[in-house]
Amino acid sequence: MRVLVVEDNNRLGRLIASGLQRRGYACDVALCLREAETAMYGATYDAIILDLGLPDGDGKEWLIARRKSRDMPPAIMLTARGGLEDRVTGLDAGADDYMVKPVEIEELAARLRALFRRPGPRTPTTIEAGRLQLDVASRTARIGETEMDFSRRESDLLELLMRRAGTVVHREVIENALYSYREPVTPNAVEAAVSRLRRKLEDAGLTGALHTIRGIGYMLRDNGT
């Protein structure tokens, strides 16, 4: 399961993400609402852990707007605002759960598990592009009966390209999706990641699928052979 932690305290956000990763969750951290929007444009999340007091807006108002305009994964509000009125308005705004800081990681992980057990529609865990299949929960990919081994970053890149198969994904979008907002990125980091992914796809028999659109970005065609 993939979780987005929206928290302006970088150290706290990293601690939460690290704790959840040790419990089997894939986690990204956004330090503000703008970064959250960028992250959600580049990936699909199963849940969001959302602070309220963010540098570029109020998390509650953002959640209200997101709920009205488009699909939104389950959200847990995690905030220092612990008053009864705060909890009530947070839940009424569309939060699926509400927790007050400081929080124990074990309890947060349990709350996430409870969210995922709730009945109702869920985002399909397997996506396809031609003969290529990716299980976004287990991060495993296969072409026919051939299973491929990818690093976490390679599987994130593959997911991004597969979700937009047939369209050009700009280099900046890939960089924002693959690397944290405070992580130094070398000038050729994206090119190197794409090169590794392309080589593994070709080794598995899928040639001519991943294309470089010079000066713009990359595109995965779903008719690779």
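In S6, the bridge partner of Leu 50 is Met 77. Some background before I go on. This is a predicted model, in which local features need pLDDT of at least 70 and side-chain atom pairs count only at pLDDT 80 or more, while totals for chains, interfaces and linings use all residues. Residues are numbered from 1 along each chain as its sequence is written, and side-chain values use heavy atoms, with hydrogens and water left out.

Helices (H or I, at least four residues) and strands (E, at least two) are DSSP runs, numbered from the N terminus. Two strands pair if DSSP finds at least two bridges between them.

Back to S3, residues 47-50. S3 pairs with strand S6, residues 75-79, over three bridges in the parallel sense. S3 is also joined to strand S1, residues 2-6, by four bridges, and these two run parallel. There, Leu 4 has Ile 48 as its bridge partner in S3.

Which way do the side chains of S3 point? Ala 47 and Ile 49 point one way, Ile 48 and Leu 50 the other way, and all are buried. Buried means under 20% relative accessible area, exposed over 50%, and partly exposed in between, with a 1.4 Å probe and protein chains only. In a regular strand the side chains alternate between the two faces of the sheet.

Next, Asp 97, which lies in strand S7, residues 97-100. Asp 97 counts as buried because its relative accessibility is 15%. Leaving out residues up to four places away in sequence, Asp 97 touches Ala 75, Ile 76, Met 77, Leu 91 and Arg 111; contact means heavy atoms within 4.5 Å.

Arg 87 is in helix H4, residues 84-92. Arg 87 counts as partly exposed because its relative accessibility is 32%. With residues up to four places away again not counted, Arg 87 touches Gly 82 and Tyr 98.

Now another sheet. Three strands form an open sheet in the order S12-S14-S13, with antiparallel pairing. The edge strands are S12 (169-170) and S13 (210-213), each pairing on one side only. Helix H8, residues 189-203, packs on this sheet and touches S13 and S14; its direction makes about 150° with that of S13. For that angle, axes are lines fitted to C-alpha atoms, for helices over the stretch in contact, and angles run from 0 to 180 degrees between N-to-C directions.

How many residues has the largest nonpolar core? It has 32, and those with the most contacts inside it are Leu 132 and Leu 220. A nonpolar core is a set of buried Ala, Val, Leu, Ile, Met, Phe, Trp, Tyr and Cys residues joined through side-chain atoms within 4.5 Å. The largest share of this core, six residues, comes from H8. Beyond its neighbours within four places in sequence, Leu 132 is in contact with several residues, including Ile 127, Leu 158, Leu 201 and Leu 220. A second, separate core of 21 residues includes Ala 30, Ala 39, Leu 50 and Ala 93.

Last, the rings. Rings of Phe, Tyr and Trp (its six-membered ring) pair if their centres lie within 6.5 Å; planes under 30 degrees apart count as stacked, over 60 as edge-to-face and the rest as tilted. By this rule the count is one aromatic pair. The rings of Tyr 25 and Phe 116 have centres 6.3 Å apart and planes at 40°, so the pair is tilted. Tyr 25 is in the loop between helix H1 (10-21) and strand S2 (26-30), and Phe 116 is in helix H5 (residues 105-117), 91 residues apart. Tyr 25 counts as buried because its relative accessibility is 9%.
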